[in-house]
Amino acid sequence: MADEKDPKEDEGAAEEKRKRRAVRRKPKAAASPKPEAAGAEASADAPAPEDPPVADDAPVAAAEPEPAPEPEAAAEEAPKPKPRRARRKAEEDKPAVAERSAAKSPRPGRDYGDTPPMVRAHAKYVRTSARKARLVCDHIRGKSVPEARAILAHASRDVARDWSKLLESAVANAEHNHELIGDELRIHAVKADEGPTLKRFRPRAMGRATKIRKRTSHLSITLTPKDGVK
């Protein structure tokens, strides 16, 4: 009959086997990290410090000022100053320009003194003789603009139409260039000068030719304000 095994010995052998297996399965201890790395890991794992609580009565920090613009951008935005000579010349010309503008555009109803403004208009090479033109202009010399318009409108001579156009041109010059009122002007001077004569010929009896003279004239009108004459 075979020998029976002691159960205590079997339990002891089983315990030794378990211990050996535990020793085999136990992982090796990891190498200790360097002090610097350990400190870094500890700082990373550590929670970030919280900001201290701010009291309600604490003063609010002022806002940060805006950064100054770059020098190139500031140079582009700022206008370039004029040279000294140009500025000096402009300052010297200011009074002269003001005087010219005041003399050029006087206000109506102003006392112009000894030199009232004179507005002129000319019509050259008008196809009429100077003698016929003078017969009409003598009627409007010294008259006001409304009176001269009425006289020329009822004149029977054809040259009156040319005088009427010239009068309207002089009134337009006074209103546009001198800022005067047309109805408050009077005819200071009016004249008709002789222009060049065109020479033509016409046939006559016995093969002869007769000269034809086609006269021309230069007309001119000068207007002045009524208030300018004392």
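The account below moves from the whole chain to its parts.

The model shown is predicted. Its chain holds seven helices and five strands. Read from the N terminus, these elements follow the order α-α-α-α-β-α-α-α-β-β-β-β. Of the 230 residues in the chain, 20% are buried. Among contacts between residues at least 6 apart in sequence, 73% join residues that are at least 24 apart.

Three strands form an open sheet in the order β1-β5-β2, and their pairing is antiparallel. Strands β1 (119-126) and β2 (185-194) stand at the edges with a single partner strand each, so one side of each has no neighbour in the sheet. From one strand to the next, the twist averages 15°. One point of reference is valine 190, whose bridge partner in β5 is isoleucine 221.

Helix α5 lies across β2 and β5, and its direction is at about 165° to that of β2. Helix α7 also packs on the sheet, where it touches β1, β2 and β5, and its direction makes about 40° with that of β5.

The helices also meet one another. Helix α5 (residues 130-140) packs against helix α7 (residues 159-177) at an angle of about 60°, and their axes are 9 Å apart. Because of this angle, α5 counts as oblique to α7. The crossing of the two is right-handed. On the side of α5, the contact is made by Lys132, Ala133, Val136 and Cys137, while α7 contributes Val159, Ala160 and Trp163. By class, six of the residues in this contact are nonpolar, none is polar and one is charged.

Helix α7 has a further partner in helix α6 (residues 145-153): the axes of α6 and α7 come within 9 Å and cross at roughly 160°. Because of this angle, α6 is roughly antiparallel to α7. The crossing of α6 with α7 is left-handed. Val145, Ala148, Arg149 and Leu152 of α6 make the contact with Ala160, Trp163, Ser164, Leu167, Glu168 and Val171 of α7. By class, seven nonpolar, one polar and two charged residues take part in the contact of α6 with α7.

The backbone deserves a final look. In general, most residues other than glycine have a negative phi. Tyrosine 125 is not a glycine, yet its phi is positive, at about 60°. This tyrosine 125 lies in strand β1. Is tyrosine 125 buried or exposed? Its relative accessible area is 54%, and because exposed means over 50%, tyrosine 125 counts as exposed. Methionine 206, also a residue other than glycine, has a positive phi near 60°. Methionine 206 is placed in the loop between β3 (198-203) and β4 (209-214). With a relative accessible area of 73%, methionine 206 is exposed.

Methods. Residues numbered from 1 in each chain as written. Predicted model: local features only at pLDDT ≥ 70, side-chain atom pairs only at ≥ 80, totals over all residues. Heavy atoms only, no water. Axes fitted to C-alpha atoms, helices over the stretch in contact; angles between N-to-C directions. Helix = DSSP H or I, 4+ residues; strand = E, 2+ residues; numbered from the N terminus. Parallel < 35°, antiparallel > 145°, perpendicular 65-115°, else oblique. Left-handed = near helix turned anticlockwise from the far one by under 90°. Contact = heavy atoms within 4.5 Å. Nonpolar A, V, L, I, M, F, W, Y, C, P; charged D, E, K, R; others polar. Pairing = 2+ DSSP bridges. Buried < 20%, exposed > 50% of the residue type's maximum accessible area, 1.4 Å probe, protein only.
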